[in-house]
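Let's take a walk through a protein structure together. Keep the picture open beside the text and find each part as it comes up.

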Amino acid sequence: MKLYDVYPLNAIEIVEGKGSYVYDDKGVEYLDLYGGHAVISIGHSNQYYVNALKTQLDKIGFYSNSILIPKQKQVADLLGEVANVEDYQLFLCNSGAEANENALKLASFYNGRKKVIAFSGAFHGRTSLAVVATDNPKIIAPVNESDNVIFLPYNDVQALEQAFASYGNEICAVILEPIQGVGGIIEASKEFALAIRELTKAHNSVFIADEVQSGYGRTGKFFALDHLDVKADIYSMAKGMGNGFPIGGIVVSDMFKPWHGQLGTTFGGNHLACTAALAVLQQIKQESMIENAKEIGEYLITNLKSLDKINQVRGKGLMIGIDLDPSLKDIRKNLLFEDHIFTGTASPNVIRLLPALNLTKEQADIFLSKFKARLNQ
């Protein structure tokens, strides 16, 4: 049987990881500044994390949500503390798309409406409802098509106000990435976020912050929306939550009232997933990783902005986009295959940096040195 060929692959086989480095089958060391799409939050093979998973697996790896799983409450309690959302509720699932799917479903249960406002450049996932709210018609199959989603320009307060004036009480929810990832590391303005907050409150709509990529301390605050001093009704999370173990979740305001059967999942919140999530939160807290993401991120952004030949540097903390001229389109490939540094990309020509939150200044300097040399070739 062949693999279903949907991924463009680099001809590299990674067999081991340690901290911010990964190693291929030939023993070549790579500096990982992409973390497997922002998933690796506390470093590859973090020993505390590995030991926690091994210990749990020796006891039990899985049972369903039909029984008590105390670690779910432990995750909720520590997440509430670290993220300053103690007065919210937690629902655990498996992925970012599933988190957004449940967030939109819960919003619709809440107010009985169907229309959703999303924004140009948005990426919310590939499942049925999440993909309709994603600004990429190429990945929306005919069976997914819907006229319930209204796309507006990102950061356009006037367009948002006009949409609420036109549709008013038909609007179920507004879903926003406070910093767009796939869209190119584009930041929401405070004015824009405040307008969403005020308009959704005024019309009994739901404000959903998609923090799947920007959350879990990546930007130097737990949620990227925290930079704008705005609170959402629902936050969706996933990527950095399990450091590679599949887990997602939504943090839900107490305005939502649960009932049995309202949401559900087979694998969400299982023993191993909660062990991974708990270990990640404990390491983030104990090792001051959010503070480190802020400090090293500022260092990288400041130094990158001093370089020539860069159109723009965007982002916060360790969620950084480097907007390059199309003539420099080969830099990312050369960084990978010649300098052995993993980075990401976003259209049309943006290099994305999404390393582990405990990236060191020395590792940042390695990247800056290699990247500067590439610019000057």
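**Charged pairs, a sheet and a core**

This structure holds 13 salt bridges, where a salt bridge is a side-chain nitrogen of Lys or Arg within 4 Å of a carboxyl oxygen of Asp or Glu. Before we look at some of them, please note that this is a predicted model, in which local features need pLDDT of at least 70 and side-chain atom pairs count only at pLDDT 80 or more, while totals for chains, interfaces and linings use all residues. Residues are numbered from 1 along each chain as its sequence is written, and side-chain values use heavy atoms, with hydrogens and water left out.

Side chains of opposite charge can pair when their charged atoms come close. Start with Glu187 and Lys316, whose side chains meet in a salt bridge with an N to O distance of 2.5 Å. Glu187 belongs to strand β9 (residues 186–187) and Lys316 to strand β13 (residues 310–316), so this pair links distant parts of the chain, 129 residues apart. Helices (H or I, at least four residues) and strands (E, at least two) are DSSP runs, numbered from the N terminus.

Next, find Arg197 and Asp233, where the closest N and O atoms of the salt bridge are 3.0 Å apart. Because Arg197 lies in helix α7 (residues 190–202) and Asp233 in the loop between β10 (206–210) and β11, their pairing ties together parts that are 36 residues apart in sequence. Are these two residues buried or exposed? Both Arg197 and Asp233 are buried; buried means under 20% relative accessible area, exposed over 50%, and partly exposed in between (1.4 Å probe, protein chains only). By contrast, Glu187 is partly exposed at 27%, and Lys316 is partly exposed at 30%.

Now turn to the open sheet, in which four strands follow the order β1-β2-β3-β15 with mixed pairing. Two strands pair if DSSP finds at least two bridges between them. At the edges stand β1 and β15 (341–342), each with a single partner strand, so one side of each has no neighbour in the sheet. Four bridges join β1 and strand β2 (residues 21–24) in the antiparallel sense. The hairpin of β1 and β2 has two residues between the strands, and Gly19 there takes a positive phi near 65°. β2 also runs antiparallel to strand β3 (residues 29–32), with three bridges between them; here Val22 stands opposite Tyr30.

Most residues other than glycine have a negative phi, and most peptide bonds are trans. You will find Asn243 in the loop between β11 (234–237) and β12 (248–252), where it is buried at 5% relative accessible area.

Finally, look inside. The largest nonpolar core has 82 residues, and those with the most contacts inside it include Ile117, Leu304 and Phe371. Such a core is a set of buried Ala, Val, Leu, Ile, Met, Phe, Trp, Tyr and Cys residues joined through side-chain atoms within 4.5 Å. Helix α8 (residues 271–286) gives the most to this core, with ten residues. Apart from this core lies another, of 24 residues, with Phe91 and Cys172 among them. In soluble globular proteins, nonpolar side chains tend to be buried together.
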